[in-house]
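Grab your viewer and work through these exercises with me. Each one sets a task and then walks through a solution.

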Amino acid sequence: MYTSIFFIFSLLSVSEALVRIPLQIDHALSTNNDGVQLKNVKDFLYYGKIQIGNPGQTFTVLFDTGSSSLWVPSENWLAKTENPRNRYISSASRTFKENGTKAELKYGKGSLTGFLSVDTVTVGGISITSQTFIEGVKTPYKEFFKKMPFDGILGLRRFSNSGEINGGEVVFGGIIPAHFSGDHTYVDVEGPGNFFAMSNIWVGGKNTNICSSGCKAIVDSGSSNINVPMDSADEIHRYIGVEPNCNNFETLPDVTFTIGGKAFVVTPLDYIRRSRSQCTSKFVGKTNRSHWTLGIPFMRVFHTVFDYQNTLAVKVGFAKSTD
């Protein structure tokens, strides 16, 4: 299944043309005039190539709507046991500008320390001059570069300075109507986290009363699951009733999210992970969590638009994907 994910934000000020980044199945990563070839690994990671500096130094980065910073390994990477595939070399770039401010990023799993630098960043053939990014020097996540197929992370949230299957497409600066059906349902987002309101959640024909008084949610292409507060996960699993041996997979119910007064349905094909004769839920409970993260299981089904045209009234919209 081919899913489209679209973003409308500050790249509009750089170019009036669409920047299309297609997600391909099992193709070599390459850069061309149409954008960046992205690879989708087992419905888990979306990554592709960008360039930093002049002449451009190429890095493979994870495209992540759940974070807002760009980082790549520095030539000054500290861990002797780690061996990044590619390191940014500031002295090799004619457009490098020193900043040096110390920086630390924290993710759901792991963290990164480094320092700020400024250089030209090229994404999908469009160059953004004087872009601030982080030269990473250390992460506590052992064997990061052995386990991950990318060099760093390109955060797409607000795009600020601060067995493989078919993927989709990321488009900067507009939308492609052929990739969705009907109208988008737009809701306001709040804060730098892009939180939006979500209400009743139904499993099959039953109202779970989860979020009946409202929940905060985000969409995050960097998450392979639907991450929820722990008590909500327990309740969802009670309603779903999936058997670990997959015996009841064919009779599992759909799960319906209510956003902007409209129903958004995911099926067992979307929220269950099947491995040989085992089934596990992609609804994952998180402790000390009050909001919902609708990751890839949701975003593969619904064409998603981040609309930053009015920075004082940012919206996110969803429509059924047709590809």
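This is a predicted model: local features need pLDDT of at least 70, side-chain atom pairs count only at pLDDT 80 or more; totals for chains, interfaces and linings use all residues.

**Exercise 1. Find the disulfides and give their handedness.**

Step 1: a disulfide joins Cys211 to Cys215, S to S 2.0 Å; the cut-off for calling a disulfide is a pair of cysteine sulfur atoms within 2.5 Å. Residues are numbered from 1 along each chain as its sequence is written, and side-chain values use heavy atoms, with hydrogens and water left out.

Step 2: check the torsion. About the S-S bond of Cys211 and Cys215 it is about -100°, so this disulfide is left-handed. Both cysteines, Cys211 and Cys215, are buried (buried means under 20% relative accessible area, exposed over 50%, partly exposed in between, with a 1.4 Å probe and protein chains only).

Step 3: look for another. Cys246 and Cys279 also form a disulfide, with sulfur atoms 2.0 Å apart. Here the torsion about the S-S bond of Cys246 and Cys279 is about 110°, so the disulfide is right-handed. This pair links distant parts of the chain, 33 residues apart: Cys246 sits in the loop between α2 (230–240) and β19 (255–259), Cys279 in strand β22 (residues 278–281). Helices (H or I, at least four residues) and strands (E, at least two) are DSSP runs, numbered from the N terminus. Cys246 and Cys279 are buried too.

**Exercise 2. Which residues of α2 are buried, and why do they line one face of the helix?**

Step 1: list them. Ser232, Ala233, Ile236 and Ile240 are the buried ones in α2.

Step 2: look down the axis of α2. The buried residues fall within an arc of 100°, so they line one face of the helix; the arc is that of the directions from the helix axis to the C-beta atoms. As a reminder, an α-helix has 3.6 residues a turn, so residues three or four places apart point the same way.

Step 3: The face of α2 turned away from its buried side carries the exposed residues Asp231 and Arg238.

Step 4: see what does the covering. Over the buried residues of α2 lie elements including β15, β18 (226–229), β19 and α3 (268–271). Just after α2, Gly241 takes a positive phi of about 65°.

**Exercise 3. Is Ser117 buried or exposed, and what does its side chain pair with?**

Step 1: at 1% relative accessibility, Ser117 counts as buried.

Step 2: find the partner. A polar contact of 2.6 Å joins the side chains of Ser117 and Glu135 (a polar contact is a pair of N or O atoms within 3.5 Å; within protein, one must be able to donate a hydrogen and the other to accept it, and residues adjacent in sequence count only if both atoms are side-chain atoms).

How values were computed. Contact means heavy atoms within 4.5 Å.
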